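Subject: Structure handover

Hi,

Here is the structure I promised to pass on. Please open it first, then read my notes beside it.

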Amino acid sequence: MRIESPPDCGIPGIGLRQIERSDRQAWFDYLRLPEVYERTSWNVQLSGDLDSLFDGFESIAPTSPRRLAVVDLASGRLAGTIGFHTVSDINRTAEIAYDLAPSHWGRGVASRLCDLVTRWSFDTYGFVRVQGTVLIGNDRSDRVLLRSGYQHEGLLRSFRMVRGRPGDFNMYSRLSTTSEV
Ligand SMILES: CC(C)(COP(=O)(O)OP(=O)(O)OC[C@H]1O[C@@H](n2cnc3c(N)ncnc32)[C@H](O)[C@@H]1OP(=O)(O)O)[C@@H](O)C(=O)NCCC(=O)NCCS
């Protein structure tokens with residue numbers, strides 16, 4: 001589902017807009033870096049492997065995934081993405097997902113966007129719960145969710161395949177009823 005009116009991000013030098021197929025190569029260029037994919041379930045060999053995701057982002061189905069491009073305004077380059085998948089319109093829940101190019105790590109961009117986009121999703125989509133799942137060992141992402149007002153709920157054993165092997169994931173969630181960090 002396209003996001004025609006993203007939130008104002010309020011981070012100097014950073015903008016948010018709908019991700020487009022023209023972002024595919026720039027997204028792939030950092031997703032293929034070991035430091036980016038190795039603590040996630042990403043398994044992208046070719047830029048074309050992202051095409052099915054874009055099909056979802058363009059779908060009008062109420063359960064379709066949504067994704068924003070995080071843009072470095074000075075260069076115009078793609079600095080990251082953030083959005084939702086595993087959307088349930090019946091339960092009004094979704095899972096958040098995000099990634100940044102390593103050039104933009106360590107500045108608090110992901111944490112501030114995770115907080116902002118989660119709060120925005122409660123108002124915009126009516127989600128009552130947004131969850132985040134983090135592969136064991138992805139400490140940076142654990143800290144992003146905790147800084148963004150998510151609570152740790154437990155460990156999901158063999159929850160998702162990680163390049164052919166079952167991986168254990170930490171489960172976090174943030175509820176609309178406790179939306180203040
Ligand atoms: C997960 C990921 C987005 C986290 O990136 P990050 O740079 O660590 O996260 P942030 O942008 O929130 O930056 C936080 C860091 O910036 C620092 N920082 C600087 N200014 C800050 C500010 N104003 N606010 C918050 N943190 C700030 C913090 O100290 C923090 O470092 P620390 O965790 O070592 O204390 C990034 O590592 C990534 O893209 N990884 C690959 C993909 C991935 O794992 N995605 C998530 C799958 S679950």
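Predicted model: local features only at pLDDT ≥ 70, side-chain atom pairs only at ≥ 80, totals over all residues.

A strand here is a DSSP run of E with at least two residues, and strands are numbered from the N terminus.

**Strand β3**

Is Ser88 buried or exposed? Its relative accessibility is 17%. Buried means under 20%, so Ser88 counts as buried. Its side chain has a partner too. A polar atom there lies 3.0 Å from the backbone nitrogen of Asn91.

Thr86 is also found in strand β3. Its relative accessible area is 51%. Exposed means over 50%, so Thr86 is exposed. Check its backbone as well. Phi of Thr86 is positive, near 50 degrees, and Thr86 is not a glycine.

Go back to the loop between β2 (66-72) and β3, and you will find Ser75. Ser75 has a relative accessible area of 46%. That value falls between the two cut-offs, so Ser75 is partly exposed. A polar side-chain atom of Ser75 lies 3.1 Å from the backbone nitrogen of Arg77. Now look for Gly13. Ser75 and Gly13 are 62 residues apart in sequence, yet their C-alpha atoms are 9.4 Å apart in space.

**The ligand**

Next, the ligand. Where does it sit? The space it takes is the largest pocket. How many residues surround the ligand? There are 20, and the closest are Gly106, Ser111, Asn138, Arg140 and Arg143.

What kinds of residue make up this shell? It divides into 7 nonpolar, 7 polar and 6 charged residues. Three elements each supply at least two of the shell residues: β4 (93-100), α4 (109-125) and α5 (139-147). The largest share, 5 residues, comes from α5.

- Arg107: a backbone N or O atom lies 3.3 Å from a nitrogen atom of the ligand.
- Val109: a polar backbone atom is 3.0 Å from an oxygen atom of the ligand.
- Arg143: a polar side-chain atom lies 2.6 Å from an oxygen atom of the ligand.

How much of the ligand does the protein cover? On its own, the ligand has 940 Å² of accessible area, and the protein covers 74% of that.

Stay with Arg143 for a moment. Its place is in helix α5. Its relative accessibility is 43%, so Arg143 counts as partly exposed. That value takes only the protein chains as cover. Then find Phe54. Arg143 and Phe54 are 89 residues apart along the chain, and their C-alpha atoms are separated by 28 Å.

**Strand β6**

Strand β6 covers residues 151-162, and Ser158 is found in it. Ser158 has a positive phi of about 45 degrees although it is not a glycine. At 47% relative accessibility, Ser158 counts as partly exposed.

Leu155 is placed in strand β6 too. Its relative accessibility is 46%, so Leu155 counts as partly exposed. From Leu155, go to Thr118. The two are 37 residues apart in sequence, with 22 Å between their C-alpha atoms.

**Strand β7 and the segment after it**

Ser173 lies in strand β7. Is it buried or exposed? Ser173 is buried, because its relative accessible area is 6%. Its side chain is joined to the side chain of Arg129 by a polar contact of 3.4 Å.

Thr177 lies in the segment after β7 (165-175). Its relative accessibility is 69%, so Thr177 counts as exposed. Last pair: Thr177 and Phe122. They are 55 residues apart along the chain, and their C-alpha atoms are separated by 9.3 Å.

**Where to begin**

Start with the ligand and the side chain of Arg143, which has a polar atom 2.6 Å from a ligand oxygen. Then turn to Ser88 and find the backbone nitrogen of Asn91. After that, compare two residues for yourself: Ser173, which is buried, and Thr177, which is exposed.

Best wishes

Definitions and conventions: Residues numbered from 1 in each chain as written. Heavy atoms only, no water. Near = heavy atom within 4 Å. Polar contact = N/O pair within 3.5 Å; in protein donor to acceptor, adjacent residues only side chain to side chain. Areas by Shrake-Rupley, 256 points an atom, 1.4 Å probe, with all protein chains shown as cover. 1 Å grid on protein atoms, 1.4 Å probe; cavity = no way out; pocket = protein on both sides within 12 Å on 5 of 7 lines; lining within 4 Å. Sits in = over half its atoms within 2 Å of the grid points. Helix = DSSP H or I, 4+ residues; strand = E, 2+ residues; numbered from the N terminus. Nonpolar A, V, L, I, M, F, W, Y, C, P; charged D, E, K, R; others polar. Buried < 20%, exposed > 50% of the residue type's maximum accessible area, 1.4 Å probe, protein only.
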